[in-house]
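The sequence and the structure are shown first, and the description follows.

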Amino acid sequence: MASVPSLASTLQQQLADALTAALPDAGAADPLLRRSDRADFQANGILALAKKLKGNPRELASQVTAAIPVGGLIEEIEVSGPGFLNVTLTDRAIVETLAARAADEEGRLGVPTAPDAGTTVVDYAQPNVAKEMHVGHLRSAVIGDAMVRILEFTGESVVRRHHIGDWGTQFGMLIQYLVEHPDQLGHASEGTDAASAGEAAMSSLNRLYKSSRALFDSDEEFKARARDRVVALQAGDPETLAMWQRFVDESKVYFYSVFDKLDMEISDPDIVGESGYNDMLEETCRILEETGVAVRSEGALCVFFEDVKGPDGNQVPLIVKKTNGGYGYAATDLSAIRDRVGSLKANTLLYVVDARQSLHFKMVFETARRAGWLSEDVKAHQLAFGTVLGKDGKPFKTREGVTVRLEDLLDEAVSRATAVVREKAEKVGLSEEEIVENGRYVGIGAVKYADLSTSAVRDYKFDLDQMVSLNGDTSVYLQYAYARIRSILRKAGDAKPVAHPELELAPAERALGLHLDRFGETLDEVAAGYEPHKLAAYLYQLASHLTTFYDQCQVLSDENAPEVVENRLFLVELTARTLHTGMELLGIRTPERL
C-alpha cells in the first residue's frame with residue numbers, strides 16, 4: 001500500500017501553494033508550519049516574506065488566506081497577531097487520514113520508507129570475553145537494539161556489529177593457566193536452558209580468571225610463561241589459538257543468556273570482535289604512514305590534532321602503533337572502519353558507545369577522514385550515552401561498592417514487576433503462566449523504557465520502584481494503556497471499529513486523532529537524529545491523550561449512537577496498533593491482558 005501523507009505535510013503543501021499564488025514575487029516560500037495550542041497549526045512564514053517584500057504582514061496574510069480553499073482539509077483559517085496564520089482542520093480530514101493509516105495492509109500504519117535509504121552499520125552491545133556483563137553494558141545494548149529496529153522500519157539496510165573485547169595481553173595469563181589446568185573450563189553444557197548454561201559458563205570463567213590472576217601475581221615463573229603465551233597467541237600458534245577460541249565460545253554462551261533475558265536477538269555472524277581485524281592492522285598502519293596521516297613520534301606511530309592538547313599545552317596524539325610494536329585500540333577501530341566501508345559498503349557508521357570515549361572516537365573519525373575512508377558520502381557518528389546512576393546520584397554500585405551484575409539487575413526488575421502484575425492478576429483472570437510471562441515483559445520493559453525515555457547523552461537514575469510504577473512516564477503505564485484497549489475491544493461484542501468521517505469529533509477525540517497522525521513524522525525525526533527518547537515521549541503523550549479521551553468520551557455506552565461507538569472503537573483500536581508498533585520499535589512487549 002502507498003504511504004499516507006500526514007495532515008501536517010498535506011497542509012504544508014497547500015499553504016506553500018497558496019503563498020506562491022497570492023505572492024508570486026516571493027518565489028518559493030516556506031510557510032514555517034508548527035503545532036499550536038491556539039489552533040491545530042500555526043504558520044509563521046509570512047513575517048519573513050513581508051520583510052522580503054517590504055509589505056504589511058497582516059495584509060499579506062489576508063491575501064494568502066483568500067487563496068486557500070476551505071472545506072476539504074481546512075475548517076478555519078484566521079490571521080493572528082502580527083501576521084500568523086492559525087489553522088483548524090476539518091474533523092472529516094482527520095478521520096479520513098486515520099482511516100487510510102488503519103487500512104495499511106503491511107502493518108506500517110501508512111508510514112513511508114525513506115526514499116534515500118542506504119546501509120548503516122550499527123556497533124552496539126560490546127561485552128568482553130571472559131568477563132561478567134555489568135550495569136555499564138546495559139545502555140549500549142538497549143539503545144543500539146532500539147536504533148536497529150527503528151532504522152530498519154524506516155527502510156534502512158542495517159548491519160549489526162558486536163565489537164566484543166576478545167583480544168589482548170590478559171589472554172596470555174588465562175590460556176597459560178588453562179594449559180596447566182585443563183579441567184577448569186567447559187562446564188556450560190551442564191545448564192539445562194540458556195540462563196542455566198550462561199550461569200555455568202560465567203561461573204567457570206570467573207573461577208578460572210581469579211585463579212590465574214592469583215598465580216600471575218604470586219609466581220614469577222608463571223608470569224613469564226604467560227607473557228610467552230601472549231607472543232604465541234599473536235604469532236598464531238595453533239594450540240594457543242584453539243585455547244583462546246574455547247574462551248570465546250564459553251563467553252558467547254554467557255552473552256547469549258544475558259541478551260536473552262534482555263529480550264534481544266544476537267546472531268553469531270554479527271559478532272566480529274577485535275580479533276576479526278588482526279589481519280588488517282599492519283596494512284592500516286602502512287597506509288596511514290605512507291599517506292602522511294600518521295607520523296613516527298618517539299618510536300610510536302601517531303596522528304596529531306591541532307585541537308587536542310594535554311594540560312601542558314602539547315598535542316595529545318592518537319597512538320596507532322606502540323613503541324614496542326603492539327597495536328593500540330585505534331588501529332583496530334580504524335581497520336574496522338576500512339572493513340565496514342570497503343567490504344560492507346556502508347554509507348553510515350553508528351557507534352553506540354559511552355560518552356567517556358567521545359575524544360577517542362573524535363580522533364579516530366578525523367583520522368579516517370584524512371585517510372579518505374570517511375567522506376561527505378560516508379559518515380560516522382557516535383551515539384554517545386551517559387552513566388547509569390543509583391538513587392544517590394552516584395554511579396550505580398552495590399552496597400559493597402561493587403559494580404552491579406547485569407543479570408542481577410534484570411532478575412530484580414522481573415521480580416518486582418511480577419509482584420505488580422500478581423496484584424492485578426485475579427481481577428483480570430490471569431493464569432500463573434501468564435503472570436510469569438507478563439512479569440518478564442513488564443520488568444524488562446521497565447528497564448529498557450527508563451533508559452530509552454532519557455536523552456541518551458544524559459545520565460539517569462536507576463530506580464526500580466519508579467520504573468514499575470503504574471503512574472507517570474513508565475513502560476508499565478503504556479503497557480496497561482494497550483491492555484485496556486484490548487479489553488475494550490473484547491467487550492465490544494458485535495460492535496466493530498469503523499471510521500465515520502461524517503461525525504463531529506469531541507475535543508478529546510480530535511486531540512487523540514491529531515496525535516496519532518504524528519507517528520510517522522516522529523519516526524523520521526528519531527531516525528534522523530538517532531534519538532529514541534523522542535519516540536518514548538511520543539508514546540507517553542499518546543497514552544496520556546488516551547487517558548483524557550477515556551475521561552471525556554464513553555466508548556461502549558448504550559447512550560451512544562451505533563456509529564459513535566464504532567468510530568470510538570476505531571480510534572482506540574488504531575491507538576492500540578500505534579502503541580504496539582512504537583513499543584516494538586523500542587524492543588518492549590505489549591501483553592494482551594495485564
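## Charge

The protein chain carries 63 positive and 90 negative side chains, and the centres of these two sets lie 4 Å apart. Here Lys and Arg count as positive and Asp and Glu as negative, while His and the chain ends are not counted. Each charge is placed at NZ of Lys, CZ of Arg, CG of Asp or CD of Glu.

The model is predicted: local features need pLDDT of at least 70, side-chain atom pairs count only at pLDDT 80 or more, and totals for chains, interfaces and linings use all residues. Residues are numbered from 1 along each chain as its sequence is written, and side-chain values use heavy atoms, with hydrogens and water left out.

## Overall form

The protein chain contains 20 helices and 13 strands; these are DSSP runs numbered from the N terminus, with helices (H or I) of at least four residues and strands (E) of at least two. Along the principal axes, the C-alpha atoms fill a box of roughly 90 × 65 × 45 Å.

Of the 594 residues in the protein chain, 52% are buried. Buried means under 20% relative accessible area, exposed over 50%, and partly exposed in between (1.4 Å probe, protein chains only). Contact means heavy atoms within 4.5 Å; among contacts between residues at least 6 apart in sequence, 73% join residues at least 24 apart.

## A positive surface patch

Lys-424, Lys-427, Arg-484, Arg-490 and Lys-491 form a patch of positive charge on the surface. Such a patch is made of residues with over 30% relative accessible area and no salt bridge, like charges being joined within 9 Å. A salt bridge is a side-chain nitrogen of Lys or Arg within 4 Å of a carboxyl oxygen of Asp or Glu.

Helix H13 (406-428) and helix H16 (475-491) each supply at least two residues of the patch, and H16 gives the largest share, three residues. Lys-491 belongs to helix H16 and is exposed, with a relative accessible area of 64%.

## Individual residues

Ser-80 is located in strand E3 (residues 74-80) and is buried, at a relative accessible area of 18%. Beyond its neighbours within four places in sequence, Ser-80 is in contact with Arg-58 and Asn-86.

Ala-130, although not a glycine, has a positive phi of about 65 degrees. Ala-130 sits in the loop between strand E5 (119-123) and helix H5 (138-153) and counts as buried at 5% relative accessibility. Glu-298, also not a glycine, has a positive phi of about 55 degrees. Glu-298 lies in the loop between strand E7 (295-297) and strand E8 (300-303) and is exposed, with a relative accessible area of 78%.

Conventions. Patches are made of residues with over 30% relative accessible area and no salt bridge: like charges are joined within 9 Å, nonpolar side chains (Val, Leu, Ile, Met, Phe, Trp, Tyr) within 5 Å. Accessible areas come from the Shrake-Rupley method with a 1.4 Å probe; for residues, only the protein chains shown count as cover.
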